[in-house]
Amino acid sequence: MDIVLTFFLAYFDKTSYILVDDRKKIAWKYATSWLALDIISTIPTELARKISPVPFQSYGFFNMLRLWRLRRVSALFSRLEKDRNYNYF
């Protein structure tokens with residue numbers, strides 16, 4: 001669900017500080033930045049161990065990608081905590 005919703009979330013352009021809400025620009029930015037890592041991190045661990053070569057199995061590469069997604073969720077919640085207009089109730 002997170003992957004689908006990210007295609008529709010507006011973002012701030014860091015160079016012009018303008019909120020970009022054009023769906024094509026949002027989709028292009030997401031497809032060229034986080035989409036591959038998000039898709040790979042949703043692969044079940046058991047399947048990843050079966051299809052990955054032996055060196056990746058010992059390092060837990062897919063588990064590290066899941067931790068990366070957890071970091072992104074943590075950043076989202078920290079931004080919501082700073083927003084005074086957001087009501088938790």
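## Buried or exposed?

Let's start with a term: a residue is buried under 20% relative accessible area, exposed over 50%, and partly exposed in between (1.4 Å probe, protein chains only). Phe 7 has 24% relative accessibility, so Phe 7 counts as partly exposed. Tyr 30, at 4%, counts as buried. Of the protein's 89 residues, 16% are buried.

A quick word on the model: it is predicted, so local features need pLDDT of at least 70 and side-chain atom pairs count only at pLDDT 80 or more, while totals for chains, interfaces and linings use all residues. Residues are numbered from 1 along each chain as its sequence is written, and side-chain values use heavy atoms, leaving out hydrogens and water.

## The overall layout

You'll find 6 helices and 2 strands here, in the order α-β-β-α-α-α-α-α along the sequence. Both are DSSP runs numbered from the N terminus: helices are H or I with at least four residues, strands are E with at least two.

## Rings and a charge

There is 1 aromatic pair in the structure. The ring centres of Phe 7 and Tyr 30 are 5.0 Å apart and the planes stand at 85 degrees, so this pair is edge-to-face (centres within 6.5 Å make a pair; planes over 60 degrees apart are edge-to-face). Phe 7 sits in the loop between helix H1 (2–6) and strand E1 (11–12), and Tyr 30 in helix H2 (residues 23–33), 23 residues apart.

Meanwhile, the charged end of Lys 29 sits over the ring of Tyr 11, 4.9 Å from its centre. For that label, NZ of Lys or CZ of Arg must be within 6 Å of the ring centre and within 35 degrees of the ring normal.

Conventions: Phe/Tyr/Trp six-rings, centres within 6.5 Å; stacked < 30°, edge-to-face > 60°.
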